[in-house]
Each structure stands twice: as C-alpha cells, then as structure tokens.
Amino acid sequence: MKKWAVLSFAFIIVGLAGCHSTPSAQPASRQALNHAETIWHDIGSWTAGKYTAQAASVAPTVVVTRHGLAVGSTALTYAQAKTAIRTQTSLVKPHWFTLKQLNAGLAKAKAGFVLKQLTDLTFYRTAVTPVPTTGFVARGKRLYAIEILATGDTAAKLPAITVYASAGRQPQRVATSDLAGRWVGADGRQLRVIGDKLYQNATLGASRQLIQPLRKVAVDQLYSATYLQHLAVAAQRGYRLTRATTTLATDGSTLYVFLSKQRMVGISSAAASPSPKPIVAKIPVRSKQTS
C-alpha cells in the first residue's frame with residue numbers, strides 16, 4: 001500500500017512539473033503562419049541580449065505571411081538554408097548557433113516557447129535574400145526572426161532576434177455602395193464619394209481616385225513593393241490594413257482608408273515624426289440622397 005502511495009505521489013509531482021514546462025514552438029508556429037493573411041511589423045530587436053525598440057519616427061519593416069509563405073518568397077527548411085549558406089564564399093568565419101543558444105535568445109526575448117529542434121524554424125528565400133540566414137517562428141500575435149549564425153572574430157553567445165507584431169486597428173468590411181455622400185475632415189477639407197470614385201478639391205481642380213475593396217484585387221497584383229510600403233506607413237500610424245476587410249483609395253501620396261461606413265482616415269507617407277494620433281479622421285455628413 002505504501003508503495004502505491006509513493007508511486008501516486010511521484011506521478012503527481014511529474015504532472016505538476018509538466019504543467020510549468022515551456023511550450024514547444026510547434027505546431028503553434030505552423031498554424032499561425034498558415035493563416036490566409038497575417039500582417040506583421042517589427043517592433044524591436046534583441047542584439048547581444050539587449051533590446052532596442054523600433055523608433056516611432058521610422059516606418060517599420062513589414063512581413064506578410066499567407067498559407068505558410070511570406071509573400072514573394074519560397075520556403076526553405078533549415079537543412080536547405082544551411083546548404084545555401086555554406087555555398088556562399090563571402091562569409092567570414094561563420095559561427096553557427098546551437099539549439100541551446102537559440103533557445104537562450106528566445107528566453108531573453110521572453111518568447112514563451114522553445115525550439116525542440118532546428119527544423120522548427122522556417123526560412124524564406126526572396127529575390128532580395130536568396131541566401132536567408134534568418135529563421136522565422138511565430139506564436140500568437142508575435143513573429144520572431146532569428147539569426148542562425150554570426151560572422152567575424154567575436155563569437156556571439158546569443159543570436160540577433162527581430163520581433164514582429166500583428167497589431168493595429170483593422171478597418172471594418174464595407175460595401176462601396178454604403179460610402180456614397182459628402183465627407184468632411186476635421187481640417188475642413190471636403191470629399192465626396194460617387195459610385196466607386198472618391199472626389200476631392202485639389203489646387204488644379206477636382207481630382208478623383210478609384211475606391212478599391214482589396215478583397216477584389218488579385219493577390220499577385222496586390223502585394224507589390226509599393227503596397228508593402230503603404231502597409232509599413234499604416235502600421236507606423238497604428239493601422240493594420242488586412243486584405244479581407246480594407247477598402248481604400250489613393251492619390252499616390254495618401255491612402256484614404258474607410259474604417260467604417262461613417263469614418264475614413266487619410267494616411268500620408270509625407271508626415272515626419274508622427275504623434276500618437278497623427279491621422280485626421282474624415283467624418284461624413286449624413287443627408288438624404290435625392291435621385
């Protein structure tokens with residue numbers, strides 16, 4: 001009887017210990033990266049165990065993942081990435097981080113999970129980075145970009161890690177037909193929506209822009225370098241322009257984003273050092289339309 005009691009107590013201790021163990025990166029990372037669309041923007045980085053926050057005056061770097069891929073990329077495994085890196089002759093004294101060192105970096109970044117194996121990381125090859133040295137792993141609303149090697153005479157003990165967040169105000173999905181009418185900004189500027197066009201008074205007369213629900217734009221046409229820059233500026237201003245819900249118009253320098261049937265914001269890339277609320281909201285004046 002005493003033997004069974006001792007065994008039962010041992011099982012309870014093991015169970016309690018298991019409850020406090022750090023969760024594994026997978027399969028949560030795979031699930032997060034496989035969503036139809038996630039917009040990530042960098043919020044800071046860890047270098048040599050020290051954190052530096054992304055400057056508010058600088059537009060962040062944006063990564064968009066869709067169905068397991070970063071847009072404009074092909075996925076590589078750890079083995080494929082390492083093979084590609086080894087063929088690169090320009091590396092000076094490469095130092096490969098061990099699994100223990102990578103996990104130490106994640107612990108320092110308070111990621112809340114561990115890599116069980118190096119294959120938990122996903123690598124993205126693009127035209128800009130044909131030989132990726134950064135592995136990605138996601139959990140919840142955070143994406144971690146982890147350098148798997150360091151170069152030079154000084155062997156770093158911890159990997160450099162860039163932290164991305166999926167955050168910001170997301171526009172409501174609206175129908176273009178619900179936007180018709182006159183819109184007035186806090187600065188007195190007036191705009192009008194007629195059909196699928198946004199009209200505004202410019203210096204040289206009235207200008208008009210096409211109103212586009214992004215869900216109707218083909219994926220291979222939407223995620224251009226210019227649009228990624230728009231996403232970065234929007235993220236800097238606190239907005240997350242998801243394809244499924246965003247309807248907007250642009251004159252080339254300003255995005256006019258419809259947050260709802262009643263509110264619009266103008267997001268300009270020209271504004272420097274934005275304040276916490278840099279965007280002027282456009283408020284429509286409701287009136288009965290006569291045909």
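Trainee: Which strand is W46 found in?

Mentor: W46 sits in strand β1. Keep in mind that we're looking at a predicted model.

Trainee: Okay. Is W46 buried or exposed?

Mentor: Buried: its relative accessible area is 13%, and the cut-off for buried is under 20%.

Trainee: What does W46 touch, leaving out residues up to four places away in sequence?

Mentor: Y51, K108, A109, P159, A160, I161 and V163. Take I161: it is 115 residues from W46 in sequence, yet the two C-alpha atoms are 5.0 Å apart in space.

Trainee: What about contacts across the protein as a whole?

Mentor: Take the contacts between residues at least 6 apart in sequence: 62% of them join residues at least 24 apart.

Trainee: Let me back up. How many helices and strands does the protein have?

Mentor: There are 6 helices and 20 strands. The protein has 291 residues, and 39% of them are buried.

Trainee: Let's pick a helix, then. Which residues of α3 are buried?

Mentor: Helix α3 covers residues 78-86, and its buried residues are Y78, A81, K82, A84 and I85. They span an arc of only 160° around the axis, so they lie on the same side of α3.

Trainee: New topic: strands. What does β17 pair with?

Mentor: One partner is β16 (residues 212-213), antiparallel to β17 (residues 247-250) over 2 bridges. In that pairing, P213 stands opposite T247. Another partner is β18 (residues 254-258), also antiparallel, joined to β17 by 3 bridges.

Trainee: How many residues lie between β17 and β18?

Mentor: The two form a hairpin with 3 residues between them, and G252 in that turn has a positive phi of about 105°.

Trainee: Where does β18 go next?

Mentor: Into another hairpin, which joins β18 to β19 through 5 residues. Strand β19 (residues 264-268) runs antiparallel to β18, with 5 bridges joining them, and T254 stands opposite S268.

Trainee: How many residues of β18 are buried?

Mentor: 5 of the 5, so β18 is largely enclosed by the rest of the structure.

Trainee: Which residues are on each side of β18?

Mentor: T254, Y256 and F258 are on one side, with L255 and V257 on the other, and both faces are covered. In a regular strand, side chains alternate between the two faces of the sheet.

Trainee: Last one: how much space lies in the largest pocket?

Mentor: About 650 Å³. It is lined by 31 residues, and the closest to its centre are T61, V62, V63, T126 and T129.

Trainee: Which element gives the most to that lining?

Mentor: α6, with 5 residues. The elements giving two or more residues to the lining include β1 (38-47) and β11 (161-165) too.

Trainee: And how does the lining divide into nonpolar, polar and charged?

Mentor: The lining of the largest pocket has 20 nonpolar residues, 10 polar and 1 charged.

Conventions
Residues are numbered from 1 along each chain as its sequence is written. This is a predicted model: local features need pLDDT of at least 70, side-chain atom pairs count only at pLDDT 80 or more; totals for chains, interfaces and linings use all residues. Side-chain values use heavy atoms; hydrogens and water are left out. Buried means under 20% relative accessible area, exposed over 50%, partly exposed in between (1.4 Å probe, protein chains only). Helices (H or I, at least four residues) and strands (E, at least two) are DSSP runs, numbered from the N terminus. The arc is that of the directions from the helix axis to the C-beta atoms. Two strands pair if DSSP finds at least two bridges between them. On a 1 Å grid over the protein atoms alone, a cavity is a set of points where a 1.4 Å probe fits but cannot get out, and a pocket is an open set with protein on both sides within 12 Å along at least five of seven lines; lining residues have an atom within 4 Å of a point. Grid points are joined across faces, edges and corners, and a volume is the space filled by probe spheres set on the points. Ala, Val, Leu, Ile, Met, Phe, Trp, Tyr, Cys and Pro count as nonpolar, Asp, Glu, Lys and Arg as charged, and the others, Gly among them, as polar. Contact means heavy atoms within 4.5 Å.
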